[in-house]
Amino acid sequence: MDTLYSGKLKDELLDRLFDAVLQLKTRDECYQFFEDICTVAELKSLAQRLEVAKMLQENRTYGEIAGRTGASTATISRVKRCLNYGADGYKLVLERLFRTSEKD
């Protein structure tokens, strides 16, 4: 199978992790798996970054984002840098989430 991603993170262990994530079929299965594989702090941090990315795409101010998410300005800046210069992962996921929520 051909791959589109050719970034510096690609390796066999990450391939296996992502293949495992792709096996999850429900939100409850995700809760089960991620509770086992991540700490609560890691999960909350990931969720926070996704919300920061969503709010940045909505052109919210750093103050609004920090107030709602509790994210530091350093985290907000890092997410903004990823949105502008990253691998487009945030954009891909947010587009799909937005498209899905529009159908509901």
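Of the contacts in this chain with a separation of 6 or more, 37% join residues 24 or more positions apart; a contact here means heavy atoms within 4.5 Å. The model is predicted, so local features need pLDDT of at least 70 and side-chain atom pairs count only at pLDDT 80 or more, while totals for chains, interfaces and linings use all residues. Residues are numbered from 1 along each chain as its sequence is written, and side-chain values use heavy atoms, with hydrogens and water left out.

## The chain as a whole

The chain holds 6 helices and 0 strands, and its elements run α-α-α-α-α-α from the N terminus. Helices (H or I, at least four residues) and strands (E, at least two) are DSSP runs, numbered from the N terminus. The C-alpha trace spans about 40 × 30 × 30 Å along its principal axes. Of the 104 residues in the chain, 12% are buried. Buried stands for under 20% relative accessible area, exposed for over 50%, and partly exposed for what lies in between (1.4 Å probe, protein chains only).

The axes in the table are lines fitted to C-alpha atoms, for helices over the stretch in contact, and the angles run from 0 to 180 degrees between N-to-C directions.

| Pair | Angle | Axis distance |
|---|---|---|
| α3 (residues 40–57) and α4 (residues 62–69) | about 150° | 10 Å |
| α4 and α5 (residues 73–85) | roughly 115° | within 10 Å |
| α3 and α5 | about 65° | 9 Å |

For orientation, angles under 35 degrees count as roughly parallel, over 145 as roughly antiparallel, 65 to 115 as roughly perpendicular and the rest as oblique. The angle of about 150° therefore makes α3 and α4 roughly antiparallel to each other. Helix α3 passes α4 in a right-handed crossing. A crossing is called right-handed if the near helix is turned clockwise from the far one by less than a right angle, and left-handed if anticlockwise. On the α3 side of this contact you will find Q48, E51, V52, M55 and L56, and they meet Y62, E64, I65, R68 and T69 in α4. By class, these residues are 5 nonpolar, 2 polar and 3 charged. Ala, Val, Leu, Ile, Met, Phe, Trp, Tyr, Cys and Pro count as nonpolar, Asp, Glu, Lys and Arg as charged, and the others, Gly among them, as polar.

Now for α4 and α5, which cross at roughly 115°. That makes α4 roughly perpendicular to α5. Their crossing is right-handed. Here Y62, I65 and A66 of α4 meet T73, I76, S77 and K80 of α5. This contact has 4 nonpolar, 2 polar and 1 charged residues.

With an angle of about 65°, α3 and α5 are therefore roughly perpendicular to each other. The crossing of α3 and α5 is right-handed. From α3, the contact draws on Q48, R49, V52, A53, L56 and Q57, and from α5 on T75, I76, R78, V79, K80 and L83. Those residues divide into 6 nonpolar, 3 polar and 3 charged.

## A closer look at T69

T69 sits in helix α4. With a relative accessibility of 18%, T69 counts as buried. The T69 side chain reaches the backbone oxygen of I65 at 2.7 Å. Leaving aside neighbours within four places in sequence, T69 is in contact with Q48, E51, V52 and M55.

E29 belongs to helix α2 (residues 27–37). This residue is partly exposed, with a relative accessible area of 30%. Apart from neighbours within four places in sequence, E29 is in contact with Q23 and L24.

N59 is placed in the loop between α3 and α4. The phi of N59 is near 60°, a positive value in a residue other than glycine. N59 is exposed, at 69% relative accessible area.

D88 is in the loop between α5 and α6 (89–103). D88 has a positive phi of about 70°, although it is not a glycine. With 41% relative accessibility, D88 counts as partly exposed.

How values were computed:
Polar contact = N/O pair within 3.5 Å; in protein donor to acceptor, adjacent residues only side chain to side chain.
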